[in-house]
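User: I have a structure open and would like to go through parts of it. Can you take my questions as they come?

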Amino acid sequence: MSRRLPVYILIDTSGSMKGEPIESVKVGIEAMLSSLRSEPYALESVNISIITYDREVKVLMPLTPLEDFQLPTIVVPESGPTHTGAALELLCKQVDSEVRLSTPERKGDWMPLLFLLTDGKPSDIQVYNQVISEVKKRHFATIVACAAGMHAKTDPLKQLTDQVFTLDTMDSASFRKFFQWVSNTIEIGNKSIGATNDIELPPPPDEVNVIV
């Protein structure tokens, strides 16, 4: 059985993502999928899962081989809270059940990658703060958090990862560039479970601002 590169994408679908923002996200993801499918290594190894979160947290797509992946419908409620903490709790459960660890008989998967896209701050901040340590036990090769829109908060994201970026605008051009950059990151993401050091991210495009 070939080694997989698990890629988890968490998408904030709270009310302010309704309309053009979420449609732009879909365009960006489709562009990412198209780019990855043109790379033989990615087509052979990349498996993608999408988890959405607002007041509810859903595994929209469990870990699925890139060649079989079809983007499901993403629904945004009219309004409601942003349960990022609950989303990360579900993520940990998914990683535990889906990512194969190495045994004496076989090599496990590559270290998973996590991309989190949000337009706000966690509504369940206590749960969020508590689950961060659990996320860090799951051996992600890198965790990239992106705050989209002028009012997005980055401070909570800095507790999760030092790879925090912002998008000033939430249009299709910005999201397309962001997800193209995500696909470039995925293509270099083959680190084994238990390896040390994060992968070195490619330089982000001009639309993606680095938070220090």
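User: How do β2 and β3 pair?
Analyst: β2 and β3 (residues 57–65) pair in the antiparallel sense, over six bridges. Strands here are DSSP runs of E with at least two residues, helices are runs of H or I with at least four, and both are numbered from the N terminus. Two strands pair if DSSP finds at least two bridges between them.

User: What joins β2 to β3?
Analyst: A hairpin, through three residues. As for a bridge partner, N47 has P65 in β3.

User: Where do these numbers come from?
Analyst: This is a predicted model, where local features need pLDDT of at least 70 and side-chain atom pairs count only at pLDDT 80 or more, while totals for chains, interfaces and linings use all residues. Residues are numbered from 1 along each chain as its sequence is written, and side-chain values use heavy atoms, with hydrogens and water left out.

User: OK. How does β1 run against β2?
Analyst: β1 and β2 run parallel and are joined by eight bridges. The bridge partner of L10 in β2 is I51.

User: How many residues of β2 are buried?
Analyst: Eight of its eight. Buried means under 20% relative accessible area, exposed means over 50%, and partly exposed is in between, with a 1.4 Å probe and protein chains only.

User: Which residues are on each side?
Analyst: V46, I48, I50 and T52 are on one side of β2, and N47, S49, I51 and Y53 are on the other. Both faces are covered.

User: New topic, α1. How far does it reach?
Analyst: Helix α1 covers residues 20–37, which is 18 residues, and reaches 26 Å from its first C-alpha to its last. That is close to the 26 Å expected at 1.5 Å a residue, the expected span being 1.5 Å times one less than the number of residues.

User: What covers its buried residues?
Analyst: The cover of the buried residues of α1 includes β1 (5–12), α2 (40–45), β2 (46–53), β4 (113–118) and α6 (172–187). Among those buried residues are I22, V25, I29 and L36.

User: And T118, buried or exposed?
Analyst: T118, in strand β4, is buried, with a relative accessible area of 2%. A polar atom of its side chain lies 3.2 Å from the backbone nitrogen of G120.

User: What is T118 in contact with?
Analyst: Leaving aside neighbours within four places in sequence, T118 is in contact with D12, Y53, T82, C146, A147, A148 and L157. Contact means heavy atoms within 4.5 Å.

Conventions:
Polar contact = N/O pair within 3.5 Å; in protein donor to acceptor, adjacent residues only side chain to side chain.
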